[in-house]
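The tour moves from one selection to the next.

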Amino acid sequence: MEIRKRLTYQFIAIVALILFLSSLAIYISFSKSRKEEFYDRLANKARLVAQMLIDIDEINADLLKKIEKNNPLSLPNEKIVIFDYLNNQIYSSDETNVLKIPENYIDKVRIEEKIRYIQKPYEILGEFYTSEFDRIVVFAAATDIFGINKLKRLRLILFVVFISGLFIIYFAGHVFAARALNPVTNIILQVNSIGITNLDQRIDEGNGTDELARLAKTFNGMLHRLESAFKIQKNFIANASHELRTPLTAISGQIEVLLMKDRKTGEYQETLISVLDDMRNLNHLANKLLLLAQASSETTEITFTNLRIDDTLWNSRSEIIKRKPEYSITISFSENITDEGNFTIYGNELLLKTVIINLIDNACKYSPDKSATIFVDTNNKKLVIHFIDKGIGIPTDDVKMIFQPFYRAKNAMGERGHGLGLSLVDKIISQHGGKIELTTEVNSGSDFMIYLPLPSKF
Ligand code: ADP
């Protein structure tokens, strides 16, 4: 069911209940007070007649009947019956004998002093009356025509008010619910109008304070994140194709120039070496792209094992020196590490090797002396590996960007690179539950620190 309808029905149910209960309370209290008032009048009448019959000697039953017959203050349908102490009827204005007064009722009046009962259309009051001379039982009956009519009218008014109230509440509830939900409908329309082509569009946040404004803000936050992710993806594809095209254009250009005329063997060799270099570069780029795609994909399953990080460091060092013998790499360990177990971490050897090789390669590549120092330490149940160099450093503006794919700092253009290594490192380290930080100063050097969690038993 639509929220609008549900709200309206709930609103109606609550108000109908309140209206019904208050109408019932009004009706019951009015009906009670009518009854009390009418019985009071009956009692007064009964007392008056009894007094006249008993206390005034000159008045006997026949005279009293005559007086009462023409009494303009008599109640509608009034009938009075009086019994003496032997239950003999000594007075009755009920000429047609319609009132039924069982003998046990007369006795009951004597015991209880006062009884009330109904014999439609009469309401009857029985009262015990005593005086110096006599002890009699008086029954007074009448029909409360005015009171009953008033009660009927009240019932009708309450019923009409209840039904028309329900109608008014139904329409008012409908209008209010629609008005309250209007902003939601607006948000739905606005969200529906946003697609891939207009991801920069934002939803109106209204007054900015209520729940709907918070909902709109949440949507806008999500749109902002989607837009950034989309931009990054778009840039990534543009950058990747650019990086792939550059060496391919260089290769085809070199081959075309070479084929323009006959060349000497040396020239062919020279061009082929250059082409091979470009091909290696291309291969290197393709490998990094593949690794980045694997690291970014959540479906790729990575197998983790317990491994000795010192072994991985030494192996990576040997591997990189084999490829770049001009590099000088020193590895040292903190005195904090007293137990061999401090070297054991839970991770994937191949991926961690990629991290180490990338960071060593950067440290040496961006340092004029082509050297790097690796320092292993522990800190709060974490293993910290520093990759320190005394190289060109990174300008402050570039620091926050270098983990984005294809981003290269302004001062790094003299060296070959694609700007993919650090984003790969960042992804792999977070897959291992760690983090990467750096301190750097232009022309003084950099210190890249990776933090990896140590298994808790150590
Ligand atoms: P690449 O080195 O292939 O350009 P990376 O992703 O490894 O790509 O690094 C991104 C950028 O970060 C580099 O282009 C460079 O500007 C900067 N950088 C990384 N490491 C260092 C370092 N040790 N010293 C100076 N700059 C660095």
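This is a predicted model: local features need pLDDT of at least 70, side-chain atom pairs count only at pLDDT 80 or more; totals for chains, interfaces and linings use all residues.

Residues are numbered from 1 along each chain as its sequence is written, and side-chain values use heavy atoms, with hydrogens and water left out.

**Backbone geometry**

Most residues other than glycine have a negative phi, and most peptide bonds are trans. Select Glu113: this residue is not a glycine, yet its phi is positive, about 75°. Glu113 sits in the loop between helix H3 (103-112) and S3; helices (H or I, at least four residues) and strands (E, at least two) are DSSP runs, numbered from the N terminus.

Go on to Lys120 and Pro121, which are joined by a cis peptide bond with omega of about 5°. Pro121 belongs to the loop between strand S3 (114-119) and strand S4 (122-130).

Next, select Lys370, another non-glycine residue with a positive phi, here about 50°. The loop that holds Lys370 runs between helix H8 (349-365) and strand S9 (371-379). Its relative accessible area is 23%, so Lys370 is partly exposed (buried means under 20%, exposed over 50%, partly exposed in between; 1.4 Å probe, protein chains only).

**A strand residue**

Finally, select Phe333, in strand S7 (residues 328-333). Phe333 counts as partly exposed because its relative accessibility is 30%. Which residues does Phe333 touch, not counting those up to four places away in sequence? They are Asp310, Trp314, Phe343, Phe375 and Val376, where contact means heavy atoms within 4.5 Å. For a distance check, the C-alpha atoms of Phe333 and Met222 are separated by 45 Å, with the two residues 111 residues apart along the chain.
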